[in-house]
Amino acid sequence: MTVPHDAKNRTLEILKDATKGKYGVLAAVAYNIEQLTALVRAAERKRSPLILLLFPSTVKQLPTLAWAARAAIESATVPLSLHLDHAQDESQIREIAVKLPFDSIMVDMSHYDHDENLAKTKVLAKVCHERGIAVEAESGRINGGEDGIADTGELEALLTTPSEVEDFLGANIDLLAPSIGNIHGDYGPRGPQLDYDRLDKITEQVGGRVLMALHGTNDFTPEIMHRCIEGGAVKLNVNKLLLEVWHNHLRANAHLPQVQLIDEGMDVLQAEVERWMDVVGSSGRAAEA
């Protein structure tokens with residue numbers, strides 16, 4: 001890992017433990033304080049590590065949410081960390097690295113061609129590492145789009161190759177998010193069609209030099225998730241997979257008083273997060289923070 005060994009990084013510590021224990025850790029998106037609260041409650045209830053994940057658009061909209069997450073992390077009795085996902089604006093990355101309390105940042109330059117992607121990633125990784133922030137990057141190109149990030153739908157999806165793996169390791173990253181047929185967004189009638197053999201080979205090639213992340217988990221079944229963890233993925237990005245129950249609850253119960261609506265919504269979301277913590281095997285894995 002390229003973050004200094006004497007500077008403990010919360011995200012890397014969580015994921016190194018998961019790699020040793022052969023379980024996955026949810027990297028769960030939150031868009032507001034209610035969702036953040038439900039995520040943390042689930043982690044405490046299940047004694048599970050958890051990575052709290054914010055999008056750059058959320059940071060711009062609600063800059064105080066990062067500080068609320070930091071307060072939750074510091075008061076928690078289980079290992080938590082704060083990750084910025086799909087950071088694509090170079091100036092915003094530099095500003096956030098200095099001003100906000102993130103443990104890790106995904107430097108996402110995948111909308112550039114390979115050489116430019118690598119060059120920008122290497123420069124920004126140095127910026128982050130100087131602040132003790134771990135860096136994730138996407139090798140190949142994962143199609144689709146999510147809230148507030150550039151949609152790569154008009155660009156060709158590029159599955160990760162062995163040479164790309166080495167190129168990105170040479171850019172001094174800490175986490176690798178490979179493209180194995182996974183997409184951002186919904187998969188359609190056929191569901192996820194993942195190249196598990198490619199994932200296995202990438203993990204073997206990496207040989208522990210970086211940690212493995214997996215994006216595009218919409219429509220995953222527990223069986224698919226288990227196979228990805230078996231293939232070496234430990235940081236499991238989850239958005240709709242968890243939050244759909246929250247949205248469904250709000251739509252179905254909009255007539256309720258607001259406090260009741262939100263209280264019950266947090267309970268519904270917490271239960272779903274707890275279910276997936278059981279699925280990925282992180283329940284009961286947290287040592288006292």
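Start with Glu-116 and Lys-120, whose side chains form a salt bridge in this predicted model, with an N to O distance of 3.9 Å. Both sit in helix 6 (residues 114-129), and because they are four residues apart there, about one helical turn separates them.

Asp-278 belongs to helix 11 (residues 258-280) and Lys-46 to helix 2 (residues 33-46), so the contact ties together parts that lie 232 residues apart in sequence. Asp-278 is partly exposed, with a relative accessible area of 43%. Lys-46 is partly exposed too, at 21%.

Next up is Lys-240, which has a salt bridge to Asp-186 at 3.0 Å, N to O. This pair links distant parts of the chain, 54 residues apart: Lys-240 is in helix 10 (residues 240-252), and Asp-186 is in the loop between strand 6 (175-177) and helix 8 (196-206). As for accessibility, Lys-240 is partly exposed at 28%, and Asp-186 counts as partly exposed at 45%.

Salt bridges can also share partners, and here that joins Arg-10, Arg-70 and Asp-103 into one network. Overall, the structure holds 16 salt bridges.

How values were computed: Residues are numbered from 1 along each chain as its sequence is written. This is a predicted model: local features need pLDDT of at least 70, side-chain atom pairs count only at pLDDT 80 or more; totals for chains, interfaces and linings use all residues. Side-chain values use heavy atoms; hydrogens and water are left out. A salt bridge is a side-chain nitrogen of Lys or Arg within 4 Å of a carboxyl oxygen of Asp or Glu. Helices (H or I, at least four residues) and strands (E, at least two) are DSSP runs, numbered from the N terminus. Buried means under 20% relative accessible area, exposed over 50%, partly exposed in between (1.4 Å probe, protein chains only).
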